[in-house]
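This report describes selected features of a protein model, from its salt bridges to its chain interface and backbone geometry. The structure is shown first, and the discussion follows.

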2 protein chains.
Amino acid sequence: MFVNRMPRYEILSPDAMALLDAGWRRLVTEIGVEFMSERATALFAAAGQRVEGHTVFLDPEFVLEQVARAPRGFDVQARNPQHSIHLGGDSMAFGAVYGPPFVREGDTRRDGTMADYERFARLSQSFSVLDSAGGVVCEPNDTPLDSRHLDMTLALMTLTDKVFMGNVVSGENARDVIAMSEILFGGREAIEATPVSISLVNCNSPLRWDDRMLDALFEYAAAAQPVVLTPFILMGAMSPVTVPAALVQQIAEALSGIALAQLIRPGCPVVFGSFLSNIDMQSGSPTFGTPESGVGLLCTGQIARHFGLPFRTGGGLTSSQVPDAQAGYEALMTLLPTFLAGANWVMHSAGWLEGGLVAGYEKLVIDCQLLEMLQHEFTPLEIDEASLAFDAHAEVGHGGHFLGAMHTMERFRTCFYRPFLSSSENYERWVRNGSQDTAERAGTIWRQRLEEYEQPPLDEAVRAELEEFVVRRRRELGD
Amino acid sequence: MFVNRMPRYEILSPDAMALLDAGWRRLVTEIGVEFMSERATALFAAAGQRVEGHTVFLDPEFVLEQVARAPRGFDVQARNPQHSIHLGGDSMAFGAVYGPPFVREGDTRRDGTMADYERFARLSQSFSVLDSAGGVVCEPNDTPLDSRHLDMTLALMTLTDKVFMGNVVSGENARDVIAMSEILFGGREAIEATPVSISLVNCNSPLRWDDRMLDALFEYAAAAQPVVLTPFILMGAMSPVTVPAALVQQIAEALSGIALAQLIRPGCPVVFGSFLSNIDMQSGSPTFGTPESGVGLLCTGQIARHFGLPFRTGGGLTSSQVPDAQAGYEALMTLLPTFLAGANWVMHSAGWLEGGLVAGYEKLVIDCQLLEMLQHEFTPLEIDEASLAFDAHAEVGHGGHFLGAMHTMERFRTCFYRPFLSSSENYERWVRNGSQDTAERAGTIWRQRLEEYEQPPLDEAVRAELEEFVVRRRRELGD
C-alpha cells in the first residue's frame, strides 16, 4: 500500500480550528444528534447523556473521552497478506467507486448487473494501485434484492484477495458478511484479533443516524470490524451553504457516531468519515470536484488529525456524464487534495462518473492512471551527491544533451514514471495508431486487463463453505 | 489580478536546500556558463569574472550580489490600468500559451494563421481570468517572417488592453517592440518608470545562453522592461535525469542570466524562470503534467523565494493531442501545483495542447475554467460566527434540508463558485441538450465569446501612429 511521506498541506490557523471546535461543541450540546435506534439512545442514556426521544444531547467532553478510546491507526488483513493495509498515520489505501446503480462502457450507459460487478471486482484485483474493490462497485440489479449482499461478498472474497467492504443495508446483512468473514479467515477470534473488513455507515445529515445503518454499526463494532462514520454532506442541501458550517456539522456527526461505536465496543477501530461536496444552487444538482469541496477536504484532514483519528475522504469524483476533459480535471481536483491531506481510506478512488450514479469502465482506468501518477508525485525526492549529477555536466558540457551520459544510462529505465494510459506520441504516430483519445485507449486497457486476469488462489474447502453459506442463506431469505 | 493568500506548499527541507545550494555553486564555479555574446562576456570580465572563450566561470558570491540588486517584486502597467499587474509576493498573473506553430479547432489541426492569432488575442481579452494574451499565442504562419513580430505586437496592443509580452527573436525585434511600447505609453521615460511588457529569454540548456536571445535581453534590460530568464529543461535531454540535478542546473542558469541582466542595468526587473518537465525515456518524446514536473514545480517556488525573486513556472501543460480526459488531468497536474507554489507569472496558462505544438481553442476554454476554479479554491475561508450558521441548524432540525433556510436565502447567489463549462446536468437533461462532452461545450463557448467580443477603446492618434510604425518598419525589413 502507499505511504505518503510528503508534508501535509494544512490551511486552518489555530484560531480557525478553535472556532470550529467551539462550533461542534455547541451543536452537540444545544441541537443534539438524532439516533433512530433504541439501542443507541439507551447506551447514551446509560452513559449519562441527556436523551429526549431520539435526540441525544451530548457533553463534548464525554464525546472526546469516547473518541480517545479509538485507536489512532490499525491494520486490516487481506486474505493475501501482501494486500493487507494499515489505516492511519501516513498510510493511504484506495478502493473503487461505491454505490452506482448504472454502468458506462464506451458510449453505452445501462443498469449495472452482477456480470458488471464481477468485472469491476476483477479489474480492482488487476490494478495494483487499488487496495480494495470497495463494496458496492455497482448495483447488481439483476440479482434478488434481499440476497445480493451475499453475491457481492462472495465475489469480493473469491475474485479478489484484497481488503473488502461490508454490506450495511441492515444488521442481518452485516451478520452475513461477518459470518462469511469468519469462514474466510478461520473464525471469530481471528477476525477480532485483526479486522478483515471495512464498512461504511453514513449519517443522514444533518445530525441524524438512521436505524438500519445503526443496526449494521452495532454488528460490525461488536465484531471489532472497522466502521467509517461518514457525514454525507452536499452543502446547501444537507448542511448550510458555508464551508465552516459544513465542517462543524461534519465534526459533530462523525464524532457522535464514533462515540456510539466506542460505547458498543470500547477500543473498536473507527474512521472519521467525510463525504463533502456542494450542490449547484440554481439546479439543485450535486456537483463534484468543486473548489469548495477541495477546501473542505484539506480542512477535513487537519481536523481528523486534531482528534487523532484515521480519516476517510476524497476520491475521483466528477459530475461529468462521460470520461472527458471534465471527468479528468474534476477527478484530479479531488484526488490531488486527497494526497495533500493524506487521507487514510479513499473510497470512490476509481470508476466514479456522473455524480456517483454511474460506474465507468473507462473512468476506472483513467483514475488508476491518476492514482499511479500521484503516488509517484507524493514520494519524497532523494537528494544526495549522486542525484546532483555533477559528473554528468562535466561529461556533457554546455549546450549538449544527456541522452547518452553515463548518469543517464545508469538510471534511464526507472528514472521517470511511465504512464500506461497517457499518450505522448507525436501527432503523425498518434494518427497512424488510430487517433484514439484517452477514453478509447482506456477501453482497450480494461478489456486487456480482463483477458489477462487470473483469479487469486483460494483453498477449495473454504470456497465450498462460502458457497454453501450463500446457498443456505439465500434460501432462508426466500430469494 | 489574483492574489494567492493561501499557504505555500513547500517540500524541501533545509538540508535539501543546502545541498541544492552547494550544487549550483559548484556548477557555476567549475563548469561555468556559456554566453554566446561578446557583449555579455565582456561585461562579466569587466566585473572580475574569469572568462575563457564564451564560458564564464562565476563566483557564486558575485552572482548573489547581482541577484540582490533585482527587485523582489514590481508592477507592470497595462494600457487599461485595471489590467495592470504586480509580479512578486502573493500575486499571480496568467498568460495564454506561447509558441505553438499549429492550432486545433474541434477535429481540425492546421497551421496557425494571423487570423488565429487575432482570435486568440480577442479570447484572451475576453476571459477575465487571463492577465495577458502572452506573446506568440500561435505562430501566424501566413505573415512574412521578418516582420511578423510587428503584426503580433500590434494585435496585442490593439485587440487587448492587457499586459503583453515582447518579441525575443532578435535585438532588432526587441527594439521594435520597445519603440511601439513608447508610442502606446507616451515615451521612453514612461515605460522605464513602470514597465509595460514582459519578455521571455530562454536558456539553451544545459548552461548556454544563445546570442539572439541575449541581444533581446540587452535591449529589454536596458529599457528596464522585465525579462523572464528561463532554463528550458526537459529532464533526460537538457539536464540529467534526476530532479535534484535539474533543480541545481536551473538555479545556475537562471541566476547567471539574472546576473547578466543586472550588469546591463542594475536594478532592472527580472523573473526567475522555470520550464521543467521530462522526456519519455523510451521514445524521447517530451511529456507534461508528469509527477516529476509537479515535484520540480513545487521546489522551484521554494527556491525562488530562497533567492528573493519573483518566479515564473507552471501552466496548463499536456502531451495530449486533443482536449480529452488526459488534457484535463495533465493540465491540472501542473496548474494545481502552480497555485500551491504561488507562481507569480504563469505562461501557457490556457490553450496549450500536444506538448506546446498546438494552440487549442477548446483547450483554452477548459484551462480558463480550471483557472477560475483554482482561484476560488485558493481564496482563504472566512470563518466567523455567521459562517458557522448555528441558527440555520436551529431552524432546520435533524434530517431536514437547508434549501429554504434563511442563512441559505441570504447567500445562495454567491455562496458557491458556479462553473461556466463543467456540466452537472442530470443524464436525461444532458441527453436532451445534445449529449455534448466538455470539448463540444467549449467549442460553443469560444465561438460565443468571439461574437460578443468588443475591442477595447484606444486613442485614434495612438492607433494611427502604431500602424504607421508597422508599415514603415515592414518596408524597411523588406517584407
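With which residue does A:R265 form a salt bridge, and how far apart are the closest N and O atoms? In this predicted model, the partner of A:R265 is A:E192, and the closest N and O atoms are 2.8 Å apart. A:R265 lies in the loop between helix 9 and strand 15 (270-273) of chain A, whereas A:E192 belongs to helix 7 (residues 188-193) of chain A, so the pair ties together parts that are 73 residues apart in sequence. A:R265 is partly exposed, with a relative accessible area of 26%. A:E192 is likewise partly exposed, with a relative accessible area of 25%.

**Salt bridges**

Over all chains, the structure holds 60 salt bridges. Four of them are set out in the table.

| Salt bridge | Closest N and O atoms |
|---|---|
| A:R265 and A:E192 | 2.8 Å |
| B:E192 and B:R265 | 2.8 Å |
| B:E354 and B:R109 | 2.7 Å |
| A:D280 and B:R418 | 2.9 Å |

In chain B, a salt bridge is formed by B:E192 and B:R265. B:E192 lies in helix 7 (residues 188-193) of chain B and B:R265 in the loop between helix 9 (243-264) and strand 15 (270-273) of chain B, so this pair connects parts that are 73 residues apart in sequence. B:E192 is partly exposed at 25% relative accessibility, and B:R265 is partly exposed at 25% relative accessibility.

The salt bridge between B:E354 and B:R109 spans a separation of 245 residues in sequence. B:E354 is placed in the loop between strand 20 (352-353) and strand 21 (358-360) of chain B, and B:R109 in strand 9 (residues 108-111) of chain B, so the pair ties these parts together. Are B:E354 and B:R109 buried or exposed? B:E354 counts as buried at 6% relative accessibility, and B:R109 counts as buried at 18%.

Salt bridges also link residues of chain A into a network, whose members are A:E105, A:R110, A:D116, A:R119 and A:R447.

**The interface between chain A and chain B**

The contact takes 118 residues from chain A and 118 residues from chain B. About 9500 Å² is buried between the two chains, and carbon and sulfur atoms give 68% of this area. A:Y329, A:H398 and A:F416 supply 9% of the area that chain A buries against chain B, more than any other three residues.

Between chain A and chain B there are 2 salt bridges, and one between these chains joins A:D280 to B:R418. The count of residue pairs in polar contact between the chains is 42, with both residues at pLDDT 80 or more. On the side of chain A that touches chain B, helix 11 (residues 325-341) of chain A gives the most, with 10 residues. The residues of that side of chain A divide into 60 nonpolar, 36 polar and 22 charged.

**Helix packing**

Which residues of helix 3 (residues 60-69) of chain A are buried? They are A:P60, A:F62, A:V63, A:Q66 and A:V67. These residues lie on the same side of helix 3 of chain A, because they cover an arc of only 160° around the axis. On the other side of this helix, A:E65 and A:A68 are exposed. The cover over the buried residues includes helix 1 (14-31), helix 2 (38-46) and helix 9 (243-264) of chain A. At the start of helix 3 of chain A, a side-chain oxygen of A:D59 comes within 2.9 Å of the backbone nitrogen of A:E61.

In chain B, B:T153 lies in helix 5 (residues 148-159). B:T153 is buried, with a relative accessible area of 3%. Leaving aside residues up to four places away in sequence, B:T153 touches B:V177 and B:M180.

**Backbone geometry**

Most residues other than glycine have a negative phi, and most peptide bonds are trans. The peptide bond from A:S205 to A:P206 is cis, with omega near 10°. A:P206 is found in the loop between strand 12 (197-203) and strand 13 (208-209) of chain A. In chain B, a cis peptide bond joins B:S205 and B:P206, with omega about 10°.

Phi of A:A224 is positive, near 60°, although this residue is not a glycine. A:A224 lies in the loop between helix 8 (211-222) and strand 14 (227-235) of chain A, and is buried with a relative accessible area of 6%. B:A224 has a positive phi of about 60°, and counts as buried at 6% relative accessibility.

How values were computed:
Residues numbered from 1 in each chain as written. Chains lettered and ligands numbered in written order. Predicted model: local features only at pLDDT ≥ 70, side-chain atom pairs only at ≥ 80, totals over all residues. Heavy atoms only, no water. Contact = heavy atoms within 4.5 Å. Buried area = accessible area lost by both parts, 1.4 Å probe. Salt bridge = Lys/Arg side-chain N within 4 Å of Asp/Glu carboxyl O. Polar contact = N/O pair within 3.5 Å; in protein donor to acceptor, adjacent residues only side chain to side chain. Helix = DSSP H or I, 4+ residues; strand = E, 2+ residues; numbered from the N terminus. Nonpolar A, V, L, I, M, F, W, Y, C, P; charged D, E, K, R; others polar. Buried < 20%, exposed > 50% of the residue type's maximum accessible area, 1.4 Å probe, protein only. Arc of directions from axis to C-beta.
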